[in-house]
Amino acid sequence: IIESGNTAAEHERILREIESTDTNCIGPTLRSVYDGQEHGLFMEKLDARIRNHDREIEKMCNHHFQGFVDSITELLKVRGEAQKLKVRGKGGGTSDGQNSLNLKMGKCFTSPVKISDGFPSSQLIGSMEELKQCRVQQRNIATTIDKLALCLPVLEMYSRLQEQMRAKRYYPALRTLEQLEHTCLPRAGQYRFCSIMAENIPKLRTLIQDTAMTQLRDFLESIRKHSDKIGETAIKQVEGTQTHCCFKFTAATLLFHFLSLFHSFPRLNPTYYVPGAQDLVDFSPVYRCLHIYTVLVRKSSTHETLRFFVVEDHILHTTQGLVNRAYVEELWELALSKIVAALRTHSSYCDDPDLVLDLKNLIVLFADTLQGYGFPVSQLFDMLLEMREQYGEILLKRWNITFRQILDQDNFSPIPVSTEQEYRQYTSQFPLQDPELEKLSFPKKLPFSEFVPKAYCQLKEFIYACLKYSEDLHLSSTEIDDMIRKSTNLLLTRTLSNCLQYAIKKKNVGLAELVQVIINTTHLEQSCHFLEEFITNITNVPPETANATKLYGTATFKDARHAAEAEIYTSLNAKIDQFLQLADYDWMSAAQSSGGLTTSDYLVDLITFLRSTFSVFTNLPGKVAQTACMSACKHISTSLMQLLLDPEVRQISIGALHQLNVDLKECEIILSKSLFLFLNVLVQLLDLFTQWDWSTYLADYGKSTCKYLRVNPHTALALLEKMKETSRKNVVLAQFKKADRDRQKLIDAVIKQLRNLIAQHHA
């Protein structure tokens, strides 16, 4: 009878625990049900409790049903009034006073009222001031409503927290605290009541922690009170068995098993728990304490672990026979493997470099302390070296965002400096060495944009961040230097290189911006040896040391510069194509004298564009500017040649060739002789046709002194075929013009000679 009464009381306690505990944490409570032998009886009690709650819910619904019906009726009555308010509010939701003011103002500005007609200016000004005040009040009301909408959830959450604390529902209170601290308070803003709440949160958390520990101490006292009964029950249950187990406990061992409730140490061995003995004690305080300490993840767990092994070490050295070295070492190996596994798991989810640094410093302090007591900690330092790779990846991600932000904010223009102080400020951030610039008077411009000093400073900050992790890891200067250089190389070759490529390939990047990118990368490349010196100064390892890692900054900036140069050539040619698409030659135009022809409009615009672009190229290194100009001229020549040989253009007159020749002469005026050479192919071809100097071309073909050395016979033949079609059409239209017939015969003769020339050289 006593046993059935105890079972019923235990089931009642479990049901109360289920009703008052968060559903996410009822696992330990339900586990106590399945540890016993009365599952069916508990299910019957649970079904009865559910039926009771259903009846209570039904009674409550019946009680409030009439009130619900009355509320709906009231809503239906006020619907008509709400509709009227809605109609009145269609004018923008203004008040009656503001509506009257608007009406007055409307009459004033729509009717020809004069001041002498009874509407003095003072009244008008007064009305405008009233309207202004109404608008300000409206805006203030709207702002207040928005702020209250953010503050109300905070007050509701804090009220719920107070209710949970009064009801001693500490685990849900902790969850509410977390939501209040990390979600609601940051949204509400900087108000005094929010500050008070934020100050109270640590106090409440400490109160919950102390309360949980108090309940746990009461639990331990109850165990001590019932220890004789528990032992007697356990002895009775194992009486008659053949197996005899003897367990040896020390104070430190009990502490270890107690700590295993809260940390990642192994659970108590199941053989320590004798079935039936635990029924004499209420274990709910342990479960509640476990839930609370799951939320309250504290650094003190490290201190408790240290305390445990310090106690064990002291017991080992001050007693005999209680514990031995093998026992302590086995315990340490077990704990160390659990600690390393837990740290590896949790650190892998960390993406904040500051948090990784804090964790590293804590582990180093933990390892050094235990090493002082003779415990082996090499696994911890090996794990820290593994975390170093993760730390480097986190830094690269952060600096990738930083470099992109700097590039997005950069104006890609030289930095203007007007005073000596500004100049020294920039030169302190970036090692600029330009004696010619030093001699210039203020105001003057630095050749690079803001990106260069900011990027250089960020490179140094990255090196400092890498150095912080290497501290206290018991590494040699050479190892630290090697780690920093390898991490910096990753930053240069992967992160910064990708950011520069992103800036170069970005849409709507103009030629001026690309030119500035080349200038920026040139100066950053020149600063690489200063970075080498910077690393040498902080690690005290000279770069000439054998097997020392070299920085790849020079190659990184060269690759970025070459990519920018290629993008300049591509962008410049694309812009030239836009102008050439506007070319509208009349391929059938009649022949005119050169003096009667003018330069085409598209070419005038193209020349203006080239002049402004080539002036920008003066800031580029000589070879890059020359290559860009040559690429532009060659592209113009190739594009115009394609216009002539386009299969869609079947007929070309000599007049069209004269017009094209005039356009080329205009290009010759603005281009230097070295650049105009790239148009020589087209110039010689047009000279051959406009001067009709076929005898010279055919006689000197193949000679180095030939006047038309660059004219390809295949190109000349294709162009003649198009002129032949034009002449044949003219002959059909004017069969009686002897000049046209003679010209047709002459074209046929030249075509025949060109074909013979091509066949002869082919053979």
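This is a predicted model: local features need pLDDT of at least 70, side-chain atom pairs count only at pLDDT 80 or more; totals for chains, interfaces and linings use all residues.
Let me begin with lysine 168, which counts as exposed because its relative accessibility is 59%, where exposed means over 50% relative accessible area, buried under 20% and partly exposed in between, computed with a 1.4 Å probe on protein chains only. Residues are numbered from 1 along each chain as its sequence is written, and side-chain values use heavy atoms, with hydrogens and water left out.

Now to the backbone. Most residues other than glycine have a negative phi, and most peptide bonds are trans. Lysine 168, although not a glycine, has a positive phi of about 60°, and it is found in the loop between helix H5 (121–166) and helix H6 (170–188); helices here are DSSP runs of H or I with at least four residues, strands are runs of E with at least two, and both are numbered from the N terminus.

Tryptophan 692, also not a glycine, has a positive phi of about 50°, and its place is the loop between helix H26 (680–690) and helix H27 (694–700). As for the peptide bonds, the one from phenylalanine 442 to proline 443 is cis, with omega near 0°, and proline 443 sits in the loop between helix H16 (435–439) and strand E2 (444–446).

Finally, serine 637 lies within helix H23, residues 622–645, and counts as buried because its relative accessibility is 7%. Setting aside neighbours within four places in sequence, serine 637 is in contact (heavy atoms within 4.5 Å) with Phe678, Leu679 and Leu682.
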